[in-house]
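Here is a briefing on the local architecture of one protein chain. Look at the structure first, then read the points by topic.

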Amino acid sequence: NRQPWFMYGIELSDERRAQILQKFYERGSDGKYCNAGWPKYVDGLLSAEEQRLVEAADTKCFEWGTRRRHVLETIVKWDADLISLVELDDYHEYFKPELSARGFDSVWVKRPRDSSADGAGIFWRKGVFALEHTDSVEFIDRYDPATGKTAKDRVGLMVLLRHFSGRRLIFVSTHLARNPECPRMTKDRAKQAAQLFQRLTRFAAAHDATEEPVMLAGDLNSTNVRELSNIARAVFGLCEEPGHPFIFTCAAPRTAPTSVTTVRKVRIDYLLMQHTRLETTDMHSLPSLSTDDPIPNAQHASDHLPLVMTVRMKPHLSRLYEFATGWAQMVGGVQAACSVPLTAEELKRAFDFFDTDLSGRISFEEIRAGLLDLKQESLHRAIVTSLAALTTDDDQLTVETFYAAYIASYRAFASSFREDVFEAFRFFDTDGSNSLSYGEFRDAFRSACPFPVDDDMYDRIWSKLDFDASGDVTLDEFVDAMLARQLSCIGDGTLTLERI
């Protein structure tokens, strides 16, 4: 409660809180905080009585010995099979033995900050899941090439679990950089998310798990998780680094605000998952809280509300039908089908669904038969019309024309994809000119990129964007480049928007 963003128990105006925050974050010439530790940063700003009231509220609502028991009771009440806990203290002394006695195995990793004892933990119910592999990544926020020193504060943890059914799942837990109200921190969170996605990509590849479903849970400290995801998608989509499918297909079920204090009521905690592999079948409703009754309090042990969801791994046949339906609805002009584009692999699966004789070509009769199986026969006329300009003389669809029809329709209807890409474009457009210059994009791209980008690699990235070689990149060019990355690497790996 003694942190500037809490201070329950006293009346604190916005002006006085801003003064406390300024003193709290004040640094000296050596880069160290000038007023570290309570009550240095409130001296001269809070009276002795106000300091006493803050300390009393701290004892009542924030005392960790009481809160950790309350946290454990909350976990037990919800009876989940898979749990993510971040900012988790006392793992070895308390939470590991207490939850082990209740039938859970777990892993935990400490955050890299020397002065903090907390970290990220993942717990799973024995008999439901079994651990196959685990990994973690400490996020590098800054690097000094002269000294080789790095600044690190947050961590990501991931596990590969095998469900008792035999299917596998990757589960990730993380806590990104603080201050969701500060736009300048978006760069740090975007870079941390990109580092996490890079490690996820390598972790999955190392254990032959790239096609396994992924869930990511944690405090992302962002009120706009789509923006973080879209920046990371742009980074991986434009560079030559491989990216896990999760990067391009993840989304979070909508929830009410998850953190409510006297100064904020925000949604900053998320469960991201691949919609093509997982679906939410139930979700606990979050209580409606106000800044007049902030948390933690006697009822809620944390300043974050727990997200409790029931998630189902989709059957393989269900996913196949979903991919084929996605292609049919897009080419048939159903705009509701265009929120997230099918990936290259998903389009290939859709083609195989219609290609029943495995000839590598699809007839219009096979299209009709497939639509009947999908219960989408009403789209037949619209699809035939869309395909008329692309099919060969013998009215057969090749793999390439099948993909081209989807991409052409997506480009025409995918306003939501354009909106997502615009969020990344706006991040890179640091001068707000609605176009990207060579140097402007280079600096912003490198600030969010989790791996080195030398000049040669950057020039290759820029050439993908600046289609007309004008020296500037427009939003349309940026959208086309991102769509090309999402839907490329088909067949021989050379299907691009230019070829279409």
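In helix α10 (residues 364-374), the buried residues are Phe364, Glu366, Ile367, Gly370, Leu371 and Leu374. They line one face of the helix, because their directions, seen down the axis of α10, fall within an arc of 150°. The model is a predicted one.

**Around helix α10**

- The buried residues of α10 pack against helices α8, α9 (344-354) and α11, and against strands β14 (361-363) and β15 (396-398).
- An α-helix has 3.6 residues a turn, so residues three or four places apart point the same way.
- Lys375 follows α10 and has a positive phi, near 60°.
- Lys375 sits in the loop between α10 and α11.
- Is Lys375 buried or exposed? Lys375 is exposed, with a relative accessible area of 69%.

**Helix pair α8 and α11**

- Two packed helices are described by the angle between their axes and the distance between the axes.
- Helix α8 (residues 316-331) packs with helix α11 (residues 380-387) at an angle of about 75°, and their axes are 8 Å apart.
- That angle makes α8 roughly perpendicular to α11.
- On the α8 side, the contact is made by Trp327, Ala328 and Val331.
- On the α11 side, Ala382, Ile383, Ser386 and Leu387 take part.
- By class, this contact of α8 with α11 has six nonpolar residues, one polar and no charged.

- Which residues of helix α4 (residues 91-100) are buried? They are Tyr91, Tyr94, Phe95 and Leu99.
- These buried residues line one face of α4, because they fall within an arc of 120° seen down its axis.
- Exposed residues His92 and Glu93 are on the face of α4 turned away from its buried side.
- The cover over the buried residues of α4 includes α3 (64-78), β1 (82-88), β2 (104-110) and β3 (119-125).
- Strands β1, β3 and β2, in that order, form an open sheet with antiparallel pairing.
- β1 and β2 are the edge strands, and each pairs on one side only.
- Neighbouring strands of this sheet are turned by 15° against each other on average, direction ignored.
- Antiparallel strands β2 and β3 are joined by seven bridges.
- Ser106 has Phe123 in β3 as its bridge partner.
- α4 packs on the sheet and touches β1, β2 and β3; the direction of α4 makes about 160° with that of β2.

- Strands β4 (residues 129-144) and β5 (residues 149-163) run antiparallel and are joined by 13 bridges.
- Val137 stands opposite Gly156 in β5.
- The two strands, β4 and β5, form a hairpin with four residues between them.
- Gly148, in the turn, has a positive phi of about 80°.

**Backbone exceptions**

- Most residues other than glycine have a negative phi, and most peptide bonds are trans.
- Trp38 and Pro39 are joined by a cis peptide bond, with omega about 0°.
- Pro39 is in the loop between α1 (14-24) and α2 (48-62).
- Ile295 to Pro296 is also a cis peptide bond, with omega near 5°.
- Pro296 lies in the loop between β12 (278-283) and β13 (309-313).
- Asn179 is a residue other than glycine with a positive phi, near 65°.
- The loop between β6 (168-175) and α5 (186-206) holds Asn179.
- Asn179 is buried, with a relative accessible area of 17%.

Definitions and conventions: Residues numbered from 1 in each chain as written. Predicted model: local features only at pLDDT ≥ 70, side-chain atom pairs only at ≥ 80, totals over all residues. Heavy atoms only, no water. Buried < 20%, exposed > 50% of the residue type's maximum accessible area, 1.4 Å probe, protein only. Arc of directions from axis to C-beta. Contact = heavy atoms within 4.5 Å. Axes fitted to C-alpha atoms, helices over the stretch in contact; angles between N-to-C directions. Parallel < 35°, antiparallel > 145°, perpendicular 65-115°, else oblique. Nonpolar A, V, L, I, M, F, W, Y, C, P; charged D, E, K, R; others polar. Pairing = 2+ DSSP bridges.
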